[in-house]
Amino acid sequence: MAAARVAGLFFCVALLASAGLGQSLAGKWTQPGRTLDNGEQQKWLLELKQNGNLLTGTLKSLDYAVELKGTATGTHFELFALWEPARPFLTGDLVDGELHGMERGRRPVTAKPATAADDIPTVSYIEPPALHNVANNGLAKTPPMGWNSWNLFAGKVDDQTVRTMADAMVTSGMRDAGYIYLNIDDTWEGVRDAEGNLESNHKFPDMKALADYVHSKGLKLGIYSGPGPRTCAGYPASYGHEEQDAKTWAAWGVDYLKYDWCSARNIYKNDALQPVYQKMGAALQATGRPIVYSLCEYGWGNVEKWGPAVGGNLWRTTGDIRDEWSSMMENVEKQVPTAPYAGPGHWNDPDMLEIGNGHMTDDEYRTHMSLWALVASPLLAGNDVRTMTDVTKAILLNKEVIAVDQDALGKQASPLKNGDLETWVKPLADGGVAVGVVNLGQAAAQATVKASDLGLDGTVKKARDLWAHADVKFAGGAYSATVPSHGVLLLRVSAR
Ligand code: GLA
């Protein structure tokens, strides 16, 4: 009898196991991450709780933490991020004591049970400061111009790249055209020393020497960090070290800071954006060194309304640009609601230039340059200035277009649509206007600019095509020209 009961019990357990029931997904799971340039290993830690077939948990890395919720069906699991209920964040199966699956449908996961060594330290909350105004630093009276490493080099930027780029900024004529700032983006960061000072990693052996070199070329140096514990690429950022980092950069001779929200979103809600950005604005000011302050928080929380109050000179209004027509147009059109907030000392930033990076046509790149100038955007080249083609040079170094961007009035154009033709008019300090007609269509089209649409006081006295570098004549109060698909007609018109 007893033997029969034991056999029955054994049969039930075997049945449960074969159905996958009773195999809990609960626990901590880890998989090795990539090694960063500062020697730290990126981490991945999934902590799961299971109640019946319901799963809840957190996925953490050095730079993000995601709350997850989902279901287990036997050994199979499906987990969703709370902000994205339509698409599974993590799916997979428990196989031989390991989790095998996919993160966000594209990143394979093989996770083993974690030990205490795999824990990721929890970051304690730091209360944002009370609001106050950070005085304007008097910089960026016109939109900042320069070069930034991210669009082309991303994590592959190093000291040698920056030095050779500095040389090329001079020999190519970029510096003399106004492209002054040489900005190192993410992945320069090392680790903090015993006193908490953030060092650069092996790719940048001596930041002070690099700054001296850049300055010796008549250029200025920019650097990158963020208000969270980690940057977007997972490197240490300035959370809790704001004043210390600002002092370090000032001592190195840094002239420009791009400050990227990234992992701050795991700590703060959007209502903390202003005080958190103010903290670094005040820290930069306290160094006594003039440092352009670039806010990078993708346009969240109406940054255009409070950017100047935190000492900001420019702020991103969009997500990251990609080297493609649709992304470029989407970014510039998102500028429209922020137009009234641009002006000397504080600019909307639809992200860095992709001109010369190879995935748009020359016409599209001319449109990119024209639109960035019309909306008074910062002009931060993102290509390899050392090897740029004559066409790329002619676009980036078009002095007449740069003059539109750098116009002292600092007004930002907005578009008027007429079918596939989109007209942008920017008032200029001399009483004239710059007008761009962009052809969004797939075929060439005839663009007509009417003097009456330009808001000019008087009749057109002078008009110039800024890409043809030639004066043109308004006849009967209008000027017409053929514009290629995705191309632009860009005129400078004056009534005096
Ligand atoms: C974010 C920013 C980018 C770049 C990367 C670096 O995505 O928007 O411009 O700085 O981070 O990690």
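1. What is the handedness of the disulfide formed by Cys232 and Cys262? The torsion about the S-S bond of this pair is about -55°, so the disulfide is left-handed. The structure is a predicted model, and the sulfur atoms of Cys232 and Cys262 stand 1.5 Å apart in it. The pair is counted as the one disulfide that the structure holds.

2. The link joins distant parts of the chain, the two cysteines being 30 residues apart. Cys232 belongs to the loop between strand S13 (220-225) and helix H6 (242-252), while Cys262 belongs to the loop between strand S14 (256-260) and helix H7 (273-287). With 40% relative accessibility, Cys232 counts as partly exposed, whereas Cys262, with a relative accessible area of 4%, is buried.

3. Cys296 takes part in no disulfide, and the nearest cysteine sulfur, which belongs to Cys232, is 6.7 Å away. Because its relative accessibility is 1%, under the 20% limit, Cys296 counts as buried.

4. Around the ligand there are 13 residues, of which Asp185, Asp186, Lys258, Asp260 and Asp320 come nearest. The shell divides into seven nonpolar residues and six charged ones, with no polar residue in it.

5. For Asp260, an N or O atom of the side chain is 3.0 Å from a ligand oxygen atom, and for Arg316 the corresponding distance from a side-chain N or O atom to an oxygen atom of the ligand is 3.2 Å. Taken alone, the ligand exposes 310 Å², and the protein buries 92% of that.

6. Two residues deserve a note on backbone geometry. Arg104, which is not a glycine, has a positive phi, near 50°, and lies in the loop between strand S7 (98-103) and strand S8 (107-113). Its relative accessibility is 24%, so Arg104 counts as partly exposed.

7. Ala140 likewise has a positive phi in a residue other than glycine, here near 55°, and its place is the loop between S8 and strand S9 (145-148). Is Ala140 buried or exposed? Its relative accessibility is 14%, and because buried means under 20%, Ala140 counts as buried.

Key:
Residues numbered from 1 in each chain as written. Predicted model: local features only at pLDDT ≥ 70, side-chain atom pairs only at ≥ 80, totals over all residues. Heavy atoms only, no water. Near = heavy atom within 4 Å. Polar contact = N/O pair within 3.5 Å; in protein donor to acceptor, adjacent residues only side chain to side chain. Areas by Shrake-Rupley, 256 points an atom, 1.4 Å probe, with all protein chains shown as cover. Nonpolar A, V, L, I, M, F, W, Y, C, P; charged D, E, K, R; others polar. Helix = DSSP H or I, 4+ residues; strand = E, 2+ residues; numbered from the N terminus. Buried < 20%, exposed > 50% of the residue type's maximum accessible area, 1.4 Å probe, protein only. Disulfide = S-S within 2.5 Å.
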